[in-house]
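Keep the structure open and follow the points in order.

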Amino acid sequence: MAERASESVLRFEQVTVCFPDVVALKDVSFSVPAGETRIVFGAAGSGKSVMVKTALGLVKPESGHVFLFQQDITGLSEQELFPTRAKIGVLFQEGGLFDSLTIQENVEYPLLNQIKAAAAHERNGNLETRVREALRFVELEHTLEKFPSELSGGMRRRVGIARAMVTDPPLMLYDSPSAGLDPITANTIMALAVKARDTRNTTSVIVTHRYQDGHLMANFRYNPESGALEPARRGSGIHERTVFMVFGEGSLVFEGTQEELEASTDAYVSKFKGIKELR
Amino acid sequence: MLDLLKTPVLALQDFCVLCGRALRNIVRRPHYFDDIFLQMDIIGFGSLPIVILTGFFSGAVIGLQMTRALQTYGATGQIGPIVAVTLVRELGPVLSSLLIAGRNASGMASEIGSMKVTEQIDAMRALGTDPIQKLITPRVIATTVTLPMLTIIADFVGLVGGFIVAYYLLNLTAGQYWTPAYQILEWNDIAQGLLKPFVFALVISLVGCFYGIRTTGGTQGVGRATTQAVVVASVWIFILNLFITRIFVNV
Ligand SMILES: Nc1ncnc2c1ncn2[C@@H]1O[C@H](COP(=O)(O)OP(=O)(O)OP(=O)(O)O)[C@@H](O)[C@H]1O
Ligand SMILES: [Mg+2]
């Protein structure tokens with residue numbers, strides 16, 4: 001089991017992504033082992049969202065390879081990618097909720113798609129239970145019948161998390177889950193990420209602008225009894241399994257633990273270490 | 001010079017790839033019948049009032065305009081055939097297609113474009129749905145099925161418009177108008193009258209969806225995509241109309 005845990009879930013190998021007028025990722029290599037949490041910092045336009053999309057195979061790299069669950073996805077066609085993508089939950093920066101569908105239908109969508117793919121071996125009653133369960137996880141069970149446009153930005157973000165998590169994926173990608181939200185809602189959302197990590201054992205990649213998000217992930221754990229976050233004990237491994245990355249103009253300029261980030265003397269990297277105690 | 005050509009050539013290449021995939025998906029599973037019927041309702045039924053209005057007034061106006069020319073030859077009895085031929089061969093298909101281009105190519109571009117900029121298309125792909133299959137193919141099918149039907153309706157209503165002019169202004173009887181109008185139409189006319197809307201429907205839906213799915217640059221980009229879709233679709237309608245007409249008219 002210890003061996004399996006260190007297997008990489010997501011691996012970039014010298015990935016370069018180009019758009020007509022910019023090079024969005026330059027020779028990026030990293031590997032995320034199972035059970036690890038990656039915190040990704042970087043200035044606006046540094047390629048964080050492109051990295052997330054490349055990891056999903058939504059954007060094709062110019063050169064290099066992307067491995068998901070040890071499978072090289074670089075040359076795969078859209079159809080061949082679907083089974084792998086089904087194992088990943090993703091929260092997009094812009095939300096990506098379907099505005100023509102209700103919250104219930106939105107959260108149901110990934111389930112329905114997987115059922116279709118697996119030739120309908122799940123019953124319908126089960127479906128609603130799982131949708132409700134996912135929405136209860138983000139405390140939005142009462143919005144079932146509403147449309148995304150009727151919810152606040154923070155609520156939409158939480159529905160996005162519910163939709164990403166409804167299939168219980170082993171890998172979660174969050175693109176700026178707390179951006180543009182008030183500190184209270186932002187912390188609620190980050191608490192959900194901690195809760196997902198600690199109750200479902202998901203590997204997470206979290207793109208964020210806020211240092212305290214990373215601090216929260218690295219030093220707190222979810223207490224299933226009280227339903228709240230509490231400081232993680234030393235030796236619980238949470239701190240060690242949280243790795244920080246900093247992107248700058250498409251390159252990976254820093255990769256290391258929280259201590260290493262704090263010790264960094266690089267002018268650009270230092271910009272991302274912030275006040276710890278702000279919670 | 002080469003750089004100037006690069007963008008349009010690349011765009012054309014992308015367009016051809018999209019066409020290929022959209023059309024190939026027609027025979028592939030999964031089929032999204034709900035989406036096809038929803039689009040048919042929006043494009044077909046939704047456009048009915050405007051198509052009927054336009055058809056009626058164009059028919060009436062051709063009747064009126066032709067009256068003067070025909071009176072100089074004392075041939076006002078020929079009004080029926082003239083209205084029938086112009087409508088079935090040209091005005092019915094072209095006018096309905098332009099209307100649908102204005103109404104639905106823009107709708108498709110803006111709808112798909114907004115989905116693109118709000119990352120709904122990415123989400124769809126991430127959740128295992130092919131956006132071409134789910135969004136574009138239903139629109140292509142719905143447009144190609146409904147546009148020929150709308151054209152037939154526009155042709156018929158236009159003939160009624162012409163009849164009203166003939167009946168009230170030229171004092172023709174119903175028989176004097178409808179019989180020659182019906183007799184003049186040949187298979188050739190009907191064939192091009194139906195081939196045109198079919199081809200234009202492909203152009204409208206594919207161009208509308210193409211500009212939608214290529215949208216970049218936020219809400220502003222959606223506006224740009226919408227305008228471009230309507231302009232490009234309309235221009236292609238005129239160009240292709242000439243070529244199709246050339247096939248059917250032997251000089
Ligand atoms: N679809 C696209 N077409 C062209 N260029 C793109 C596209 N997507 C991203 N880019 C470019 O790639 C670069 C990286 O963008 P990206 O969205 O990854 O930034 P980001 O790090 O997520 O920024 P933010 O923190 O603002 O979300 C930018 O220069 C952007 O303009
Ligand atoms: Mg981003």
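**Notes for a first look**

1. Let's begin with the metal. The magnesium ion (ligand 2) is coordinated by A:Ser49 through OG and by A:Gln93 through OE1, at 1.9 to 2.1 Å. A:Ser49 belongs to helix H2 (residues 48-55) of chain A, while A:Gln93 sits in the loop between strand S6 (88-91) and H4 of chain A, so the pair ties together parts that are 44 residues apart in sequence. A:Gln93 counts as partly exposed, with 29% relative accessibility. Please bear in mind that this is a predicted model.

2. Next, have a look at strand S11 (residues 242-248) of chain A. How many of the seven residues of S11(A) are buried? Seven of the seven are, so the strand is largely enclosed by the rest of the structure. Both of its faces are covered. On one side you will find A:Thr242, A:Phe244, A:Val246 and A:Gly248, and on the other A:Val243, A:Met245 and A:Phe247.

3. Strand S3 (residues 37-42) of chain A pairs with S11(A) in the parallel sense, over six bridges. Within this pairing you can pick out A:Arg38, whose bridge partner in S11(A) is A:Val243. With strand S12 (residues 251-256) of chain A, S11(A) pairs in the antiparallel sense, over five bridges. Here A:Phe244 stands opposite A:Gly256 of S12(A).

4. Now follow the chain from S11(A) into S12(A). The two strands form a hairpin with two residues between them. In the turn, A:Glu249 has a positive phi of about 45°.

5. A histidine in chain A comes next. A:His215 is part of helix H8 (residues 211-219) of chain A. Is A:His215 buried or exposed? Its relative accessibility is 10%, so A:His215 counts as buried, the cut-off being under 20%. The side chain of A:His215 makes a polar contact of 3.0 Å with the side chain of A:Gln258.

6. Let's move on to the second largest pocket, which has a volume of about 740 Å³. Its lining is made up of 28 residues, and those nearest the centre are A:Ser100, A:Leu101, A:Tyr109, B:Asp35 and B:Lys134. Elements giving two or more residues to this lining are helix H4 (103-117) of chain A and, from chain B, helices H2 (33-73), H3 (79-117), H4 (120-126) and H5 (131-169). Which element gives the largest share? That is H4(A), with seven residues. Sorted by class, the lining has twelve nonpolar, seven polar and nine charged residues.

7. A few backbone details deserve a second glance. Most residues other than glycine have a negative phi, and most peptide bonds are trans. In chain B, the peptide bond from B:Arg29 to B:Pro30 is cis, with omega near -5°. You can find B:Pro30 in the loop between helix H1 (2-24) and H2 of chain B.

8. A:Asp27 has a positive phi of about 50° although it is not a glycine, and its place is in strand S2 (residues 23-33) of chain A. With a relative accessible area of 48%, A:Asp27 is partly exposed. A:Asp168 has a positive phi of about 60°, and it is not a glycine either. A:Asp168 lies in the loop between helix H6 (153-165) and strand S7 (171-175) of chain A, and is partly exposed at a relative accessible area of 47%.

How values were computed:
Residues numbered from 1 in each chain as written. Chains lettered and ligands numbered in written order. Predicted model: local features only at pLDDT ≥ 70, side-chain atom pairs only at ≥ 80, totals over all residues. Heavy atoms only, no water. 1 Å grid on protein atoms, 1.4 Å probe; cavity = no way out; pocket = protein on both sides within 12 Å on 5 of 7 lines; lining within 4 Å. Points joined across faces, edges and corners; volume = space filled by probe spheres on them. Helix = DSSP H or I, 4+ residues; strand = E, 2+ residues; numbered from the N terminus. Nonpolar A, V, L, I, M, F, W, Y, C, P; charged D, E, K, R; others polar. Buried < 20%, exposed > 50% of the residue type's maximum accessible area, 1.4 Å probe, protein only. Pairing = 2+ DSSP bridges. Donors = N, O, S within 2.8 Å, 3.2 Å for Na, K, Ca; no water. Polar contact = N/O pair within 3.5 Å; in protein donor to acceptor, adjacent residues only side chain to side chain.
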